[in-house]
Amino acid sequence: MRRQRKPHVVEKKGHLYYRLRWTEGGKRRERYLPLPAVEDSPEFDREYWAIHLRKSEQLVAAPRTSWENLIRSYRASRKYRSLAHRTRSKYDAVIEALREKNGARDVRKLTRPQIREVHEKYADTPRKADHYLQVIRLLLNFAKNELDWIENNPAEGIELFGPQKSWEPWSQEAQAAFVRACEALGDDLVLTAYHLGVGTGQRPGDLCGMRWDHFDGESMAVVQDKTDERLWIYCPQDLLAHLRNTPKRGHFILAKNLAEPLGYDALERRFRKVRAAAGDVCSGLVMHGWRYTAAVALADAGCSDAEIQAVTGHKTMQMVLKYRRQADQKRLSKQAQNRRNRTKTKPEWGNGRGNSK
């Protein structure tokens, strides 16, 4: 029988919290205040009722320069409101964690070693670690440049872990192994995600938002969450053939049900299962690599920078030029070695039989 808990008590990752809820600016907000671990103890009851009666030290008025006030000011700013929806959602995941753990603390007391400690805490997931650091840096820059709370940003200069090997394009061998694993596991949805990713060159989050009514039989209409740009992506033959043989299970191509798309997190969990089944050749590769795979394939096919950009929708040419250089280097290497083979002759200093005559 499920345990009956006191009102507002919730469990998160094995820890108990008192959940406060309120409305701010028409939006629902939450804050989780930690409770003692032993639920039936006198210490638990004391802290529970102290919070419930608004007498807990955890509810002491925060200083003007608190993280709570910094986050509130940032969210009210034009910088935040101008962010694309998906970018804002990614920032909010870190911002809410910071608010929950540090809401009443003074921003001015944050130290560089403390920031490094947070960064290193997530070292096993470098992308997550760098994202945390980047959002903290962004908030502290807002506190410095817009609010004049601090003179220096302690997060500046802390080195990111940087792009990992898994961001590289997928080899033909890895792609073939992944397709076989999808078929062996019967996961048609992840197989469709693969074809959409490699075929359209879009980000995984944008794949989840693709609807059947965005597809006209030849092209896919895409609005990129990161850039808010609307693109019409003409589909290559492999993708067209796959979509024409894919049954419609809802409004969305990657459907959770009739009305909703499969979320990014759910898609990634299924992706990881298929990747594990595909073997070592796919070890460490990520869904975002499908986007790079598409761009490199276009560059290898001799497409111009503008043609590649028209498919991938990159806002700047920096990444497009990276693919162009990679394709050009491969082509020039082949050209040079072929020229070497054509000009190869027997050496003039001997007949290959151990004498000079």
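**Notebook: helix packing and cores**

I started with helix 7 (residues 172-185) and helix 8 (residues 188-200), whose axes come within 9 Å and cross at roughly 150 degrees. Angles over 145 degrees count as roughly antiparallel, so that is how helix 7 and helix 8 lie to each other. I keep in mind that this is a predicted model.

Next I looked up who makes the contact. Helix 7 brings Q175, F178, V179, C182 and E183, while helix 8 brings V190, L191, Y194 and V198. Sorted by class, I have seven nonpolar, one polar and one charged residues in this contact.

Then I turned to the largest nonpolar core. Which of its 39 residues touch the most other members? I noted F178, L196, M220, L267 and W290. At least two residues of this core come from each of helix 7, helix 8, helix 9 (204-208), strand 4 (219-223), strand 5 (230-234), helix 10 (237-244) and helix 11 (264-278).

Leaving aside neighbours within four places in sequence, L267 is in contact with L189, V190, A193, C208, L254, L262 and M287. Another core, of 25 residues, lies apart from the largest one, and W67, V94, I136 and I150 are among its members.

Last stop: helix 1 (residues 42-52). I found F44, Y48, A50 and I51 buried there. These residues are on the same side of helix 1 because they cover an arc of only 165 degrees around the axis. What covers them? Strand 1 (9-12), strand 2 (15-24) and strand 3 (27-34) are included in the cover over the buried residues of helix 1. Just after helix 1, I also jotted down R54, which takes a positive phi of about 60 degrees.

Terms used. Residues are numbered from 1 along each chain as its sequence is written. This is a predicted model: local features need pLDDT of at least 70, side-chain atom pairs count only at pLDDT 80 or more; totals for chains, interfaces and linings use all residues. Side-chain values use heavy atoms; hydrogens and water are left out. Axes are lines fitted to C-alpha atoms, for helices over the stretch in contact, and angles run from 0 to 180 degrees between N-to-C directions. Helices (H or I, at least four residues) and strands (E, at least two) are DSSP runs, numbered from the N terminus. Angles under 35 degrees count as roughly parallel, over 145 as roughly antiparallel, 65 to 115 as roughly perpendicular and the rest as oblique. Contact means heavy atoms within 4.5 Å. Ala, Val, Leu, Ile, Met, Phe, Trp, Tyr, Cys and Pro count as nonpolar, Asp, Glu, Lys and Arg as charged, and the others, Gly among them, as polar. A nonpolar core is a set of buried Ala, Val, Leu, Ile, Met, Phe, Trp, Tyr and Cys residues joined through side-chain atoms within 4.5 Å. Buried means under 20% relative accessible area, exposed over 50%, partly exposed in between (1.4 Å probe, protein chains only). The arc is that of the directions from the helix axis to the C-beta atoms.
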